[in-house]
Amino acid sequence: MSEHRRKPPQSRGRRAAPPSGRRAANPGPQPQGRPSGPPTPPPPPGATPERPYGSRAEARRAAQRGGRRRAAGSAAEGVGGGRRRRAAPPRRKRFIDYPRSGYTGLRRWMPSWKQVLGSTLTFIGMLIGLVGVAYAMIEIPEENELTLAQSNTYYWADGTQMVTSGGVDGLTRQNVELTDIPKACQDAVVAAENATFWEDAGIDPIGIGRAVLNMARGGDVQSGSTITQQYVKNTYLSQEQTLTRKARELLLSIKVGAEYSKDEILEGYFNTSYFGRGQTYGIQAAAQAYYGKNASELNTSECAYMATLLNGANLYDPFISGGEEPDPEIKANAEARWSWVLNRMVEVGDMRESDRAQYTKFPLPNPQTPSQEKAGQIGYLTMLADNYLTSNDIVSEEELTRGGYQIHTTFDRDLVNAMQGAVEGVMEENIDPEARPEDRHVQFGGASVVPGDGAIVAIYGGKNFLEHYVNNADRPDVQVGSTFKPFVIAAAMRDGVRDPEKGEDQGTNDRTRVSLDSMYPGEDELLIENYDGTTWEGEDPETKEPFNWEQNNFEGGSYEEISLWEAMEVSANSPLVQLGMDVGPNTVAQAAIDAGLKEESLGPHDDTVPTFALGVSTPSAIRMASAYSTFAAHGEQAEPYSVEKVEKRDPAFYWAHDDDEELSETEQAFDSDVADNVTEALVGVVENGSGSGAQELGIPSAGKTGTTDDNRSAWYVGYTPNLSTAIGMWRQADSEEDLVEGEKMGFLSMYGTAGEERINGGSLPLDVWVDYMKVATRGDEAERFPDAPNVGETIYAHGVDDPQEDLPVEEDPLPTQPEESESPEESEEPDPSPTDSTPTDDPTSPDPTETCWWDCETGGTDTGGTDTGGTDEGTDSGTSTGTDSGTTEGGETSGTEGGGDNGGGFIIGGQGATEEETP
């Protein structure tokens with residue numbers, strides 16, 4: 001037969017027992033087509049059962065595949081004594097059955113629903129735990145620096161707002177309490193930004209989801225952040241867009257919502273939110289920027305616009321471009337959003353439909369203007385107020401920079417405007433830089449102070465703070481010239497001249513107080529003497545050569561002898577310089593300090609500086625006005641101040657000038673008799689001397705002119721019983737860029753300025769003073785100064801003859817009248833021959849209060865017939881037999897000056913006086 005005959009089919013019945021003759025040990029049905037052996041275990045649940053072979057070919061291939069394994073298994077069984085191998089026990093079930101056992105292919109890697117649910121619950125649990133730990137660990141941080149920074153608000157003396165200024169990096173913010181924010185503004189913002197604010201816990205998951213869905217549908221962009229979240233971001237976090245910052249924001253919002261009241265959060269949100277227009281933060285600054293009013297004054301319609309700005313300030317400001325006309329497209333967008341806010345207020349129940357119907361006209365805000373809050377005089381005023389607070393340790397510079405202060409100043413708006421107008425009027429009428437190079441760089445400075453109180457009511461700091469940054473009213477580098485002479489007179493009457501027989505340092509008992517009737521030599525080129533009658537001698541600092549000082553008067557004016565009254569009226573230099581040496585520059589300086597000047601502005605003041613009396617010092621206009629106000633107040637000195645009170649809400653702070661005993665206390669610097677005599681001398685300057693132009697004011701006033709060496713500055717300082725004002729004028733470039741060929745930095749001469757030969761204190765400075773004081777004293781009564789009593793002794797100093805000592809002594813006890821003299825003080829010719837006569841008890845002897853000092857002669861006296869009706873004063877430098885030891889450059893003084901201000905323009909000669917007109 002063929003070798004490839006078909007294999008007979010296997011029996012479907014029970015296979016015969018083995019030939020051993022024994023009964024099978026484990027009888028039972030066997031699977032078809034399989035050899036006998038242990039029973040095949042059932043497949044595991046879900047497993048695919050092994051399919052029986054369907055043909056001989058499949059059986060053969062299966063036998064070939066498993067032959068090797070069967071052979072190994074048989075060998076193993078043989079080794080085991082012919083016993084069959086027991087089935088391996090099932091594997092131990094894993095805790096996490098993944099990859100899944102019993103499965104193959106993709107299903108092996110697909111988790112079961114139990115695994116998915118378990119993993120989800122585990123993740124949620126861990127997340128909740130982590131959030132809980134993070135919430136417990138996170139602390140509410142300190143408010144960031146930008147949030148703490150505010151601007152300061154300054155007020156005029158009448159309580160109206162002057163300006164909001166200051167802050168970090170130009171930030172404009174002024175925090176207000178929630179009670180100062182209208183309820184309509186609160187409702188508008190809550191309705192538009194976070195309707196669930198009053199109920200939510202700081203975050204609103206539904207709101208966040210709604211915002212995301214709305215944006216996905218193409219609706220308006222919504223942040224999804226609650227008011228609490230925005231407040232947290234503004235106050236504690238940065239503006240960076242990161243997941244870390246957002247996570248912190250959520251946690252802090254929940255914590256802030258739990259620890260702070262809703263009112264506190266809403267108040268903070270209003271004060272920290274950005275409203276556009278540069279650096280405008282907070283609703284108070286926004287109300288000022290957009291509507292020029294306080295937040296408390298906003299109406300419902302305007303409140304809706306404020307809420308509109310919170311959605312994107314630069315998107316809804318019609319004047320964002322800075323033009324005068326609104327941008328039509330932005331205006332339409334702003335109006336649409338404004339209308340939506342009002343409708344939203346109705347929707348959430350904060351407004352009735354009938355009330356909504358009233359608001360149909362869009363509240364167009366004011367045009368946006370460049371930052372001009374410090375333009376004009378405002379910057380000088382705020383600078384002065386700031387300096388007062390910091391220099392007196394009321395508020396530190398750091399605290400002031402952080403802002404938030406309400407600063408109530410002493411400045412009178414009308415008077416500030418009047419002083420500015422007076423300067424600008426005189427400048428416009430007289431100064432023409434295009435026509436005259438000498439008119440370039442002309443500057444003024446001025447200040448007004450209330451006598452007896454010290455309040456600074458007005459200043460002129462310069463043409464514009466945005467262009468000229470130095471406050472001319474408060475700069476301590478401009479020499480004041482002869483306006484310093486009243487302090488010499490005051491020291492002579494209060495402290496007295498020194499005894500020539502004693503040492504330099506003398507007390508009150510060694511000195512002699514002098515009256516204004518005292519006579520001094522007034523010659524031009526007067527050789528200055530020491531207090532003891534010896535010739536003053538100095539030493540040139542460069543050559544070390546000795547020199548003497550000969551003091552000049554203006555344009556050579558000479559007065560052989562002159563009273564202190566007349567010397568003040570005509571502003572003669574030589575008699576006041578000699579008087580200053582007799583009193584002592586140190587003593588004169590102390591009198592000036594007591595009147596109100598700062599010691600650091602006085603410069604050297606000892607016996608090596610004879611010209612100290614001529615005003616080589618550099619006090620500011622404020623200090624000069626203050627010092628003169630001491631005389632106006634009968635000797636009562638009050639420190640000048642510019643701030644009435646300061647207050648701040650958070651942290652609470654309050655200071656008032658009147659409550660500060662140290663700063664508000666006044667001091668009697670001079671007896672009223674002395675101060676009133678100084679005033680009387682200055683009244684004479686106005687009525688008969690270089691300040692006669694002040695008579696145009698129409699009411700009584702006292703004052704003094706002053707011009708410095710080389711005509712580099714000119715001053716007029718004067719007062720009425722109610723107001724003291726100082727006006728200074730000089731030429732100085734603000735920067736080197738302003739210079740032209742031939743000019744240099746520092747103070748420039750004013751020869752030729754305004755088309756005049758020279759500028760004196762009685763010219764343009766007095767013109768400004770009069771124009772301003774006409775406004776400042778409007779309504780004041782024509783109050784005269786009180787009559788001054790006699791003070792001190794009448795002395796005849798440094799060779800001036802005492803006429804009383806020239807009278808003959810008769811045997812007859814009855815007094816006899818000299819025949820050839822009409823008046824002992826008006827002798828035309830001095831008697832050149834001395835006399836040995838001495839005072840007696842005769843009634844014709846000199847008054848015991850009249851003293852003759854330094855080389856007195858007994859001859860007649862010639863007063864020169866001086867006419868005191870002169871017009872102006874000028875300046876001329878003194879001369880010396882050696883080298884001038886003093887120079888003035890750029891406002892700095894070194895050594896001794898050769899003359900300050902002065903002479904009154906009178907030339908005395910022969911038998912009478914000649915008046916010479918001066919510019």
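Modeller: Gladly, beginning with a term: a residue is buried at under 20% relative accessible area, exposed at over 50%, and partly exposed in between, with a 1.4 Å probe and protein chains only. Areas come from the Shrake-Rupley method with that 1.4 Å probe, and for residues only the protein chains shown count as cover. This is a predicted model, where local features need pLDDT of at least 70 and side-chain atom pairs count only at pLDDT 80 or more, while totals for chains, interfaces and linings use all residues. Residues are numbered from 1 along each chain as its sequence is written, and side-chain values use heavy atoms, leaving out hydrogens and water.

Colleague: Why is P182 called buried?

Modeller: P182 has a relative accessible area of 15%, and the limit is under 20%, so P182 is buried.

Colleague: Where does P182 sit, and which residues is it in contact with?

Modeller: P182 is in the loop between strand 2 and helix 4 (183-193). Helices (H or I, at least four residues) and strands (E, at least two) are DSSP runs, numbered from the N terminus. Contact means heavy atoms within 4.5 Å. Setting aside neighbours within four places in sequence, P182 is in contact with A295, S296, L298 and C303. P182 and C303 are 121 residues apart in sequence, yet 8.1 Å apart from C-alpha to C-alpha.

Colleague: How many residues of the protein chain are buried, as a percentage?

Modeller: Buried residues are 48% of the 919 in the protein chain. Its accessible surface is about 46300 Å², with 49% belonging to carbon and sulfur atoms.

Colleague: What makes strand 4 largely enclosed?

Modeller: Eight of the eight residues of strand 4 (residues 442-449) are buried, so the rest of the structure largely encloses this strand. V442, F444, G446 and S448 point one way, Q443, G445, A447 and V449 the other way, and all are buried.

Colleague: How do you know that strand 4 pairs with strand 17?

Modeller: Two strands pair if DSSP finds at least two bridges between them. Strand 4 and strand 17 (residues 724-731) are joined by eight bridges and run antiparallel, so they pair. V442, for instance, has R731 as its bridge partner in strand 17.

Colleague: What joins strand 4 to strand 5?

Modeller: Four bridges do, and strand 4 runs antiparallel to strand 5 (residues 456-460). V449 stands opposite I456. The two strands form a hairpin with six residues between them, and G452 in the turn has a positive phi of about 80°.

Colleague: Why do strand 2 and strand 13 stand at the edges of their sheet?

Modeller: The open sheet has five strands in the order 2-1-3-12-13, with mixed pairing. Strand 2 (161-165) and strand 13 (653-656) each have a single partner strand, so one side of each lacks a neighbour in the sheet. Strand 1 (residues 152-155) and strand 3 (residues 405-409) pair in the parallel sense over three bridges, and the partner of Y154 in strand 3 is I407.

Colleague: What makes a set of residues a nonpolar core?

Modeller: The members are buried Ala, Val, Leu, Ile, Met, Phe, Trp, Tyr and Cys residues joined through side-chain atoms within 4.5 Å. The largest such core has 126 residues, and F444, F487, L579 and Y772 touch the most other members. Another core lies apart from it, with 46 residues, including I283, A304, W338 and M351.

Colleague: Why is the aromatic pair of F487 and F631 called tilted?

Modeller: Rings of Phe, Tyr and Trp (its six-membered ring) pair if their centres lie within 6.5 Å; planes under 30 degrees apart count as stacked, over 60 as edge-to-face and the rest as tilted. The structure holds 22 aromatic pairs. F487 and F631 are 6.0 Å centre to centre with 35° between the planes, so the pair is tilted. F487 lies in helix 16 (residues 485-494) and F631 in helix 20 (residues 621-632), so the pair ties together parts 144 residues apart in sequence.

Colleague: What are the values for F631 and F670?

Modeller: That pair is tilted too, at 5.7 Å centre to centre and 45° between the planes. F631 counts as buried at 1% relative accessibility, and F670 is buried with a relative accessible area of 1%. Ring pairs link F484, F487, F612, Y628, F631, F670, Y719 and F785 into a cluster.
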